[in-house]
Structures are given as structure tokens and as C-alpha cells.
Amino acid sequence: MEKEVHIRQRKAVPAAGSTLQLMPTGNSNSEAYEINYFCLTGEVDESAKNWIRLYSSVMPEEHTGEERIIVEDGKIYIKVLPNIEADSRNGIVHLTTMVSSVRTGISNVQRIKIDVTQLGQ
């Protein structure tokens with residue numbers, strides 16, 4: 001059994017909030033918060049459910065979002081609501097993804113833990 005751990009550090013989300021796009025892409029632009037995986041499910045940890053919401057690409061803009069989501073197109077949007085407090089905050093989103101290798105033709109499921117840090121006012 002082998003376990004690989006990849007760590008990618010990104011800037012903290014501003015206090016005003018932001019939407020992180022987690023979807024299949026070859027783009028490695030760290031500002032876009034994109035990943036090269038096909039997302040299947042997402043779940044927000046209990047401690048962050050009041051300020052992190054999950055959306056699919058087909059949810060209408062006026063939808064309030066979910067704390068747990070299953071998508072069919074591989075795209076999950078993580079909306080980080082504005083932080084009106086002085087202190088920064090941290091929350092975790094768990095993703096389950098499907099990764100396909102063109103070389104081997106094998107698909108496997110991976111789990112990704114996203115630690116979201118948001119600045120305070």
C-alpha cells in the first residue's frame with residue numbers, strides 16, 4: 001500500500017469573500033483555485049458550515065448553496081462568505097475526485113482536503 005500526499009499552498013481568501021472553482025483543468029494559475037481533477041462530491045466540515053457553501057455548475061445564482069454536494073459534471077464551486085470579524089478563520093472542505101490516466105487508461109478515486117483560510121477585517 002502506498003500513500004502519496006501533495007501539498008499546494010495558496011493565498012488566504014480575502015475578508016470580502018470569494019468563490020473557489022474546483023474543476024477539471026490544465027491551468028495551474030494559483031489565483032484561479034482550479035485543480036486538474038474531476039470532482040464527484042464535496043462536504044464542508046461542521047465548524048465552517050455557516051460561512052462556506054458548496055454549489056454545482058447548474059445551481060441558480062440565488063441558491064443558498066449546500067454543505068454537502070454531489071455533482072455529475074466534475075465542477076464544484078466553494079463560496080466563502082464575507083468575514084465581518086476582526087480575526088481570520090479556517091475551515092475544511094473534503095472532496096472526492098476521479099483521476100484518469102491517459103497513459104494507463106486507469107481511473108482511481110482520490111480524496112482532497114482543502115484547508116480554507118480567510119482573512120479578518
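**Exercise 1. Find where arginine 89 lies, and list what surrounds its side chain.**

Arginine 89 belongs to strand 6 (residues 89-100), strands being DSSP runs of E with at least two residues, numbered from the N terminus. The model is a predicted one, in which local features need pLDDT of at least 70 and side-chain atom pairs count only at pLDDT 80 or more, while totals for chains, interfaces and linings use all residues. Residues are numbered from 1 along each chain as its sequence is written, and side-chain values use heavy atoms, with hydrogens and water left out.

Next, look for a partner of opposite charge (Lys and Arg count as positive, Asp and Glu as negative, and His and the chain ends are not counted). Arginine 89 is buried (under 20% relative accessible area, with a 1.4 Å probe and protein chains only; exposed is over 50%, partly exposed in between), yet arginine 89 has no salt bridge, the nearest side chain of opposite charge being glutamate 85 at 7.0 Å. A salt bridge here needs a side-chain nitrogen of Lys or Arg within 4 Å of a carboxyl oxygen of Asp or Glu.

Then turn to polar atoms: the side chain of arginine 89 has a polar atom 3.0 Å from the backbone oxygen of leucine 81, and the side chain of glutamine 118 is joined to that of arginine 89 by a polar contact of 2.7 Å. Such a contact is a pair of N or O atoms within 3.5 Å; within protein, one must be able to donate a hydrogen and the other to accept it, and residues adjacent in sequence count only if both atoms are side-chain atoms.

**Exercise 2. How many salt bridges does the whole structure hold?**

The search finds four. One of them pairs arginine 68 with glutamate 43, whose closest N and O atoms are 2.6 Å apart. Because arginine 68 lies in strand 4 (residues 68-70) and glutamate 43 in strand 2, the pair ties together parts 25 residues apart in sequence.

Methods
Helices (H or I, at least four residues) and strands (E, at least two) are DSSP runs, numbered from the N terminus. Contact means heavy atoms within 4.5 Å.
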